[in-house]
Amino acid sequence: MKAVYITEQGGLDVLQYGDLPEPEIGPDEVKIRVRATALNHLDVYTRAGVRGTRRELREPLVLGIDIAGEVAAVGEHVFNVRPGDRVAVNPVITCGRCEYCVRGRDNLCVSRVMIGTMVNGGYAEYAKAPWENVLPIPDGISYEEACGIPLVAMTAYHMLVTRAGLQPGDDVLVMAAGSGVGSVGIQIAKALGARVIATAGTDEKAERGRQLGADHVINYRANPEYAKTVRELTGGKGVDIVFDHVGAAVWEQNIASLKPGGVLVNCGVTSGYRMELQMGYLFTHELSVLGSELGTKAELARVMKLVRDGKVRGVVSRTFPLQEAREAHRAMEERDHFGKLVLVP
């Protein structure tokens, strides 16, 4: 099969396009004819060997966390899908036996494996996954759209609902409307009854954010002290929840945007991970700062119901042929896109 893979970590030039053997499946696995795979920042980090991904590669590693395609074959123990079914893949493989899995917190599984960064993923004509990680694609959803949903959608749902406790009527500030997780975060918050204020880096992205359902979008480059605008939009109160996946660069403005008793929930630090915390402001305003890691299988199932109901859609910015993976990675690094970048074998 044709695939894009790495044998060492580094710059764009380590991405190789060539032939690799098709994956062999076990009795509890599904083989998928890949129709589309979406890029994530973790793809770039793994390729470069940064943000905790540095390691020696003893055999070629096929990148690609988010996968959508057709079932090509199933193992003898698989009963939930059949060859020909249209499916998307939950990229988080868990053990099902540790204390976290047993308690329904499988996002914290002690033996967690991520498809596309720890085992072979979707930058190929074929991929494989455990049967419990395979989900049907709702009618009317393309492969390109479907591949961009699982990782960011379960992450956003976990952040907003499980961690931050979103309630109807809450005011939510969503960072970076044009990012994969930001674009889905807007939709989930709106679907659950929140008023959404989002940020974006250009006026064009701000308009796209409004089209997704955001009530207000602030151009943070034109308005770097956006907390003042957030407070004006909320009658001087501030928001109930800040939905953050950016980190250090927006920390001060995000904290200043919270109302007393508000919650900042963070799942990523693309702009850096060290900042100063004014403890007095934290306790006098009873603020909560929460970390959020991925999402659970149950949460992804709830999100897919929102997808089936037409309340959440995958947002595709550009598609690239598989052999142009280097160009896709370059576009990801330049951040000049709204929604997902997608590779098509």
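Helices (H or I, at least four residues) and strands (E, at least two) are DSSP runs, numbered from the N terminus. With that in hand, I opened my notebook.

**Ground rules.** I am working with a predicted model, where local features need pLDDT of at least 70, side-chain atom pairs count only at pLDDT 80 or more, and totals for chains, interfaces and linings use all residues. I number residues from 1 along each chain as its sequence is written, and side-chain values use heavy atoms, with hydrogens and water left out.

**Asn266.** I found Asn266 in strand E15, which covers residues 258-266. Is Asn266 buried or exposed? Its relative accessible area is 18%, so Asn266 is buried (buried means under 20%, exposed over 50%, partly exposed in between, with a 1.4 Å probe and protein chains only). Next I looked up its contacts, meaning heavy atoms within 4.5 Å. Setting aside neighbours within four places in sequence, Asn266 touches residues including Met159, Asp244, Leu290 and Ser292.

**Arg97.** I then went to the loop between strand E7 (92-93) and helix H2 (99-102), where Arg97 lies. Arg97 is exposed, because its relative accessible area is 69%. From Arg97 to Ser111 I read 9.4 Å, C-alpha to C-alpha, for 14 residues of sequence separation.

**The whole protein.** I noted 11 helices and 18 strands. Along the principal axes, the C-alpha trace spans about 60 × 40 × 35 Å. What share of the 345 residues is buried? Buried residues make up 53%. I also saw that 69% of contacts between residues at least 6 apart in sequence join residues at least 24 apart.
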